[in-house]
Amino acid sequence: MAKKVNPYDISAVIAEELQKYSEEVTDKVKQAIDEVASELVENLKQDSPKRPGSGVYAKSWTSKVEYEDHLIKRVRVYNRKHYQRTHLLEYGHAKVGGGRVAGIPHIKPNEEKAIEELERRIEEAIKNDI
């Protein structure tokens, strides 16, 4: 049942309801960011090139929250041990004796999937809250 509101208080009631809606959507978006970042880390671990018997590069993918306040959340996904190798492995590099080593695209495809998934989840969070 709808709550009765004094006409003089309607702007305060509307502001209160909009604040509640904003907080709910923000919480859902932040949760989606965490979930997609975790999925991205797992996908990178799975798709990264692995040296036989080692796999240290692939195992080193992780994420951390760079910044968060009541409206914004920034999460960084990175390779904590072999960050210098990411560009070389993704795009290839020249050999010492001449020639080139072909790149193994594993970051860009997973990044694109993560962006699409995050957009989908944000749209879903907004639609489900309306």
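User: What makes Glu-16 and Lys-20 a salt bridge?

Analyst: In this predicted model, the closest N and O atoms of Glu-16 and Lys-20 are 3.6 Å apart. The cut-off is within 4 Å, so the pair counts as a salt bridge. Both residues sit in helix H1, four residues apart, about one turn of the helix.

User: Why is Glu-16 called partly exposed?

Analyst: Its relative accessible area is 40%. Buried needs under 20% and exposed needs over 50%, so Glu-16 falls in between. Lys-20, with 38%, is partly exposed too.

User: What about Arg-121 and Glu-35, and what does their salt bridge tie together?

Analyst: Their side chains meet at 2.9 Å, N to O. Arg-121 lies in helix H4 and Glu-35 in helix H1, so the pair ties together parts that are 86 residues apart in sequence. Arg-121 has 17% relative accessibility, which is under 20%, so it counts as buried. Glu-35, at 33%, is partly exposed.

User: How do you know that the span of helix H1 agrees with what it should be?

Analyst: H1 covers residues 10-47, which is 38 residues. At 1.5 Å a residue it should span 56 Å, and its end C-alpha atoms are 55 Å apart, so the two agree.

User: Why is the pair of Tyr-57 and Trp-61 called edge-to-face?

Analyst: A search of the whole structure turns up one aromatic pair. The ring centres of Tyr-57 and Trp-61 are 5.8 Å apart, and the planes stand at 75°. Tyr-57 is buried at 6%, and Trp-61 is buried at 5%.

How values were computed:
Residues numbered from 1 in each chain as written. Predicted model: local features only at pLDDT ≥ 70, side-chain atom pairs only at ≥ 80, totals over all residues. Heavy atoms only, no water. Phe/Tyr/Trp six-rings, centres within 6.5 Å; stacked < 30°, edge-to-face > 60°. Buried < 20%, exposed > 50% of the residue type's maximum accessible area, 1.4 Å probe, protein only. Helix = DSSP H or I, 4+ residues; strand = E, 2+ residues; numbered from the N terminus. Expected span 1.5 Å × (residues − 1).
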